[in-house]
Amino acid sequence: MTSKASTVDLPSASISSKAALAYFESKTLDVLDMTTLLGAHAIGTTDCSNVVDRLYNFNNTGKPDPTMSQHFADQLRKTCPRPANMSGTQAKNPWVYLNPDSGPSYQLGNSYYKRALAHQSVLGVDQQLLYNNDTRELTGEYADEYPWKNGFEGWRRSLALSMNRMGNIDVLTDNSTGEIRRNCRYTN
């Protein structure tokens, strides 16, 4: 009967590819769905707190994520200061675009996948696409790395199918645990 941010079930932004795939499989989704749905990170923003570990203290090493392009890490550091300088306020903890290529235009394109191939993913989970043979191949395909495949158009078709599959997860079909709303914005 209520919707709260605290009840949203999403994996960590720095989850490994193996753990991410296990999470998606627990929701009856597969590697194709995961790779395709992560492509939605082609638009949107994230809080710097989801990025600073990759920039300054990857896996508690005191060093940046070695899988991230040095040039890209330097760019991100201009927006995301060291954690010691950050507080919980919006002014001190800025937001970054998940895909700097699309920025505020929020246009879907294949630059998300091209950036992953260039080691320029903002989130660790996105960069992880390169470290599994299946996700690496799909990333290359969606980035148009293989011109004989469907590329971005193939991703668009896969996204429609994967969104449909995701929309079938834990669908309420009766009133035993809530209500099926006539209007999503209001309880009946």
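Student: Why is Lys27 called buried?

Tutor: This is a predicted model, and the label rests on a value computed from it. Lys27 has a relative accessibility of 19%. Buried means under 20%, so Lys27 counts as buried.

Student: Where is Lys27, and which residues does Lys27 touch?

Tutor: Lys27 sits in the loop between H1 and H2. Leaving aside residues up to four places away in sequence, Lys27 touches Asp9, Ile169 and Asp170.

Student: What makes Pro11 partly exposed?

Tutor: The relative accessibility of Pro11 is 29%. Partly exposed lies between the buried limit of 20% and the exposed limit of 50%, so Pro11 counts as partly exposed. Pro11 belongs to the segment before H1. The UniProt annotation "binding site", from an unreviewed entry, covers Pro11.

Student: Why are H1 and H2 called roughly perpendicular?

Tutor: Helix H1, residues 17-26, and helix H2, residues 31-38, pack at an angle of about 105°. Angles of 65 to 115 degrees count as roughly perpendicular, and therefore H1 and H2 are described that way. Their axes are 9 Å apart.

Student: Why give both an angle and a distance?

Tutor: Because two packed helices are described by the angle between their axes and the distance between the axes.

Student: Which residues of H1 and H2 meet?

Tutor: From H1, Ala20, Leu21 and Phe24 meet Val31, Met34 and Leu37 of H2. Sorted by class, this contact of H1 with H2 has six nonpolar residues, no polar and no charged ones.

Conventions: Residues numbered from 1 in each chain as written. Predicted model: local features only at pLDDT ≥ 70, side-chain atom pairs only at ≥ 80, totals over all residues. Heavy atoms only, no water. Axes fitted to C-alpha atoms, helices over the stretch in contact; angles between N-to-C directions. Helix = DSSP H or I, 4+ residues; strand = E, 2+ residues; numbered from the N terminus. Parallel < 35°, antiparallel > 145°, perpendicular 65-115°, else oblique. Contact = heavy atoms within 4.5 Å. Nonpolar A, V, L, I, M, F, W, Y, C, P; charged D, E, K, R; others polar. UniProt positions renumbered as here; feature names shortened; annotations may be inferred. Buried < 20%, exposed > 50% of the residue type's maximum accessible area, 1.4 Å probe, protein only.
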